Amino acid sequence: MITLASPLGLLALLGIPIVLLIHRLHRRPQHALCTTLFLLQQLERRSDQGNRLEKLRQSLPLWLQIALIVLFSLILSRPQVKEERTVHRVVIVLDSSVSMRAFSTEAEKAVAEITARTPTPMELTVLESHPDAYQIYYGGDADAALAALEDWQPSHSQHSTSETILLARSLMRGGGQVHFISDHARETVPSGVAFQSVGEAFDNVGFSGRKVSTNTNGMVTASVLLKNYSATAQERTVSATTEAGQISSRSYQLAGGETRSIDLAFPEGIDWIQFESSGDRFAIDDRTVITREIPVPLKSAVSGANAPSWMIDFRSRLPGLTVTDQGEDVDVMFQSYNPLQPSAIEAGGVIFLNQGSVPAKFYRDPVVPAEHELMKGLSWEGLIARRTASIPVAAEDEVLLWQGDRPMIWLRQSDEGEQSESLVFNFDVQHSNALRLPAFVVLVHRYLNEIRSESLGFRSENTELGQTLSLPIANDQKWTLWLDGTQQAHTGGNLVKMPNEPGMVEVKLGEEIILRAANAFADTREANFTSAAPAETAGDTKSESTDDGDRLPWLASLLFLIGLGLFFWLWPTQTTARTSITS
C-alpha cells in the first residue's frame, strides 16, 4: 500500500491551472506598413484588442510544464510503500564499567529474557554505555546477540551514560523499547528507559596499589597493597612469582576494611614480580605485576672550567644517566657558568650559575612561578638565594620562575638540533637551599624526562589498564604489542595503548624491545561491591511496533525533474513575428 508522508505537498498541483491560464493569454499584435497585399493571405487572424483568452493549443512546452508540476508535487508529498509486517525495535545499553565483569553471566541472562519476551520480527541493538565504546550487536537474531556477549569484556571506569541513552532513544525512530542494565542501583533513571540492576553485594579482596622504592643501600623493594573491601574479616593467600618461578607464598588475615602492605625485595637479576591472591568473584584485581622502573638511558657530560664537585655529585645521583666524554654524542650537558667570565651556553643541557665567591646579600622579593608544565604543582616559596650577577637573558627565553624582577629559572631555545632546549638556573645553587627543595630535584627530573620522551631506547615502567603512552616512534614504523608472551596488536604510530588485562607487556620494533611494562588494575571504586544490589525500574516497555516503510526512490525522481527542466529550457523554438499589415 502506498501512503503519503506529507499530504500537503499535493497543494503544488494548484500550479497546473496557472500554467494553463498563461498558455491561453496572447500578446497585443504589432503594426507595420506593407505594400504587398498577397502577404495578407498568410496571416493568422489576430485580435487588435490586446491580451485576451483564446482557445488552448497543445504544445510540448505545455505538457512538459504540467509534468514538472506533477512530479514536484509528488516529491513534496513523499509517497512511501508500507509493508504488511511490523518491526519491534529494542535497544539494550549495557553498563561498560569494569565492575560488570563480576556479573557477566547475569547480564547475558537479562538480555536473553528481554529478547524472549519481544515479539518477532525484532530489530535488536546492544550498546556499551561508555561514549567511546562500540556497538556489540545489531540484527534480528537473539542467539547471535548472546554469542556476541560471550566475548564482551567491560573495561571502563565510572562514566556518564547520558550520551549513550540519547543515542539509544534516537535509534527508536518513533517506537520501541530502551533497556539499561547495570550492577548498581540508580537514584534517577531517564524517563522512558527500563532499568535493571543485576548486581549483588559480595566480599571482595584485591590489590589496590603498588610502589617501587630504593633504599640508601641500593636495595629495590616492591610494595603492593592488599585491600579488604567488605565489612567482615577475610583471609587470602598471596603468592609471588618471577620469571624464575615462585619465590614466596603466605596467608593473610584482613579485618573488615583493612589495607595491608606486602613488601618484597627484588631478587638479584630479577626485573619483575607477579603477586596473585586466592580468587574471588571479581578476578581482575586478584593479580598485579610490578617491575623495576628503568628510564631511557641518557648520555651526559660536564662542560665548563672548574666544574664544582656538588654538580658532579648531583648528576651522579640522577637515575638513567651515563657518564661520557664531552666530545662524544651527548644527550644532556651539565654546565657551570660564571657570569663574571661570560661564555657560550650549551644547547640541550642544564646550566648552573657558579660565581665562585660567596655572595653576601640575599634576595628578599616574593617568588612567582610561571604557568608551565614543568612547574605544575611545584612550591618554590622556601627558596633562599644570594644576590649574584646575572646570566645574560635573551628576548626569546621562557622564564619559569621570577623573584621580584630577577628571572631565576628559564628555558632557552637553540637551533642546534632537536634536543636544543636548555634549562638555566640563574642563581648560585651551591650557596642556596635549592638542593634541599623537592621542587628543584623534581624540575630537573621533568626536564630530563622531556629529553627521554624524544629518545628511542629501552624503558621499563609500571602502567594501568588502558593507559596510553607516547613513544618516539615514526609514523611509518610498525610495532607489535605482546601480553604475557602473546601478541595482541600490530600497528604503527607513536601512541601505544595498554591492554585491558593485567600482565607483563612488551612493545617491540622488529625484534628489539623498546618498552617493558607491568600492567595492573588500579581503580578501587570499581572493586567495591558493598553497595551492589538487584533493582528494576519499569520504563515504557510496551511493544510499540512501527511499520517498516520504504520510501520510493525520490532521488532518481529529483534528477529526472532537473533533466526535464533542462530539456525544456534548451528545446528549440521558433519565434513567429505577429504583425498587423496595413497596405
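Q: What's the mean pLDDT of the protein?
A: The mean is 84, and 83% of the residues reach 70 or more. pLDDT is the predictor's confidence in each residue, from 0 to 100. This is a predicted model, so local features need pLDDT of at least 70 and side-chain atom pairs count only at 80 or more, while totals for chains, interfaces and linings use all residues. Residues are numbered from 1 along each chain as its sequence is written, and side-chain values use heavy atoms, leaving out hydrogens and water.

Q: Where does pLDDT stay under 50?
A: Over residues 573-583. Where pLDDT is low, the predicted coordinates should not be read in detail.

Q: Ok, new topic. How many helices and strands are there?
A: The protein has 8 helices and 34 strands. Those are DSSP runs numbered from the N terminus: helices are H or I with at least four residues, strands are E with at least two.

Q: And how much of the protein is buried?
A: 42% of the 583 residues. Buried means under 20% relative accessible area, exposed over 50%, and partly exposed in between (1.4 Å probe, protein chains only).

Q: Which peptide bond is cis at Pro121?
A: The one joining Thr120 and Pro121, with omega about 0°. Pro121 sits in the loop between α3 (104-116) and β5 (122-128).

Q: What's the phi of Asp484?
A: Near 50°, a positive value in a residue other than glycine. Most residues other than glycine have a negative phi.

Q: Where is Asp484, then?
A: In the loop between β26 (478-483) and β27 (486-492). Asp484 is partly exposed, at 40% relative accessibility.

Notes:
Contact means heavy atoms within 4.5 Å.
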